[in-house]
Amino acid sequence: MGALRDEHHNGWLMPSGNYPAAAYDDPWADQETMPAAPAPTKIVSLRPTGFEAARTVGEHIRASTPVVMDLTEMDDAEAKRMVDFASGLIFGTCGGIERIARRVFLLTPAEVEVMVIDRPLDETGFYNQS
C-alpha cells in the first residue's frame, strides 16, 4: 500500500489498517425467506412412440420431475408435434428445455437449473441448434 501525502503537516502518512469495520443497515436481514425447493430425486426418461405420451410428459413436469424425452422412435410429424407440445409446456411452467442429442431433449421444471458447459456459442451469441 502506498503512502498518503499529508498536506496539512508537510509529511507522509502510512495507512495503519486500524479502522473500524463499516456498519450497514440491512433491511432484509430480518425478513423470512422461502426455503429452497428440494433437488429432484429422480429424472424420468421417456421414449414415446406416439403423441399420446404427451400427457405423461406433462404430468411429470407438473410434478417437478425432469424428463429426458427421446423422440427417435417417432415419425417426423409426430416428433415435431411433441416438441411443439413440450415447448408450450415448458413456457407455461417457466421451465427449461435443452437439446441433448438429435431428437433427444431434457425438459426441466422451473426449480431445476441446467448448466451447459461444452456447447459453444456461435458468432451471433446464440446456441447453434444445427
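Start by selecting Asp76 and Arg103. These two form a salt bridge, with 3.2 Å between the closest N and O atoms. The pair ties together distant parts of the chain, 27 residues apart. Aspartate 76 belongs to helix α2, while arginine 103 sits in the loop between β5 and β6. Aspartate 76 is exposed, at 59% relative accessible area. Arginine 103 has 19% relative accessibility and counts as buried, because the cut-off for buried is under 20%.

Before going on, colour by confidence. This is a predicted model. The protein chain averages a pLDDT of 79, and 61% of the residues score at least 70. Select residues 4–6 next: this is strand β1, where confidence is lowest, at a mean of 53. Confidence is highest in β4, at a mean of 96.

**The sheet**

Show the cartoon and select β3, β4, β6 and β5. These 4 strands make an open sheet, in the order β3-β4-β6-β5, with mixed pairing. The edges are β3, residues 44–46, and β5, residues 96–101; each of them pairs on one side only.

Zoom in on β5 and on β6, residues 104–108. Their pairing is antiparallel and runs over 5 bridges.

Select residues 54–62, helix α1. Helix α1 packs on the sheet and touches β3, β4 and β6. Its direction makes about 160° with that of β4, residues 67–70.

Move to residues 76–93, helix α2. This helix also packs on the sheet, in contact with β4, β5 and β6. The direction of α2 makes about 20° with that of β6.

**The core**

Which residues have the most contacts inside the largest nonpolar core? Select Val57, Ile61, Val67, Met69, Leu71, Met82 and Leu107. The core as a whole has 17 residues. At least two of its residues come from each of β3, α1, β4, α2 and β6. The largest share, 5 residues, is supplied by α2.

Centre on methionine 69 and show its surroundings. Leaving aside residues up to four places away in sequence, methionine 69 touches Leu46, Pro48, Val57, Met82, Ala86, Arg103, Val104, Phe105 and Leu107. Arginine 103 is the residue from the opening stop, the salt-bridge partner of aspartate 76.

The whole structure holds 4 salt bridges. Go back to helix α1 and select arginine 55 and glutamate 59. Their side chains meet in a salt bridge at 2.8 Å, N to O. Both residues lie in α1, 4 residues apart, about one turn of the helix. Is each side chain buried or exposed? Arginine 55 is exposed, with 64% relative accessible area. Glutamate 59 is partly exposed, at 42%.

Finish on helix α2 with lysine 80 and aspartate 84. Here the side chains form a salt bridge at 3.3 Å, N to O. Lysine 80 and aspartate 84 are 4 residues apart in α2, about one turn of the helix. Lysine 80 is exposed, at 55% relative accessible area. Aspartate 84 has 44% and is partly exposed.

Note on methods. Residues numbered from 1 in each chain as written. Predicted model: local features only at pLDDT ≥ 70, side-chain atom pairs only at ≥ 80, totals over all residues. Heavy atoms only, no water. Pairing = 2+ DSSP bridges. Contact = heavy atoms within 4.5 Å. Axes fitted to C-alpha atoms, helices over the stretch in contact; angles between N-to-C directions. Core = buried A, V, L, I, M, F, W, Y, C linked by side-chain atoms within 4.5 Å. Buried < 20%, exposed > 50% of the residue type's maximum accessible area, 1.4 Å probe, protein only. pLDDT = per-residue confidence, 0-100.
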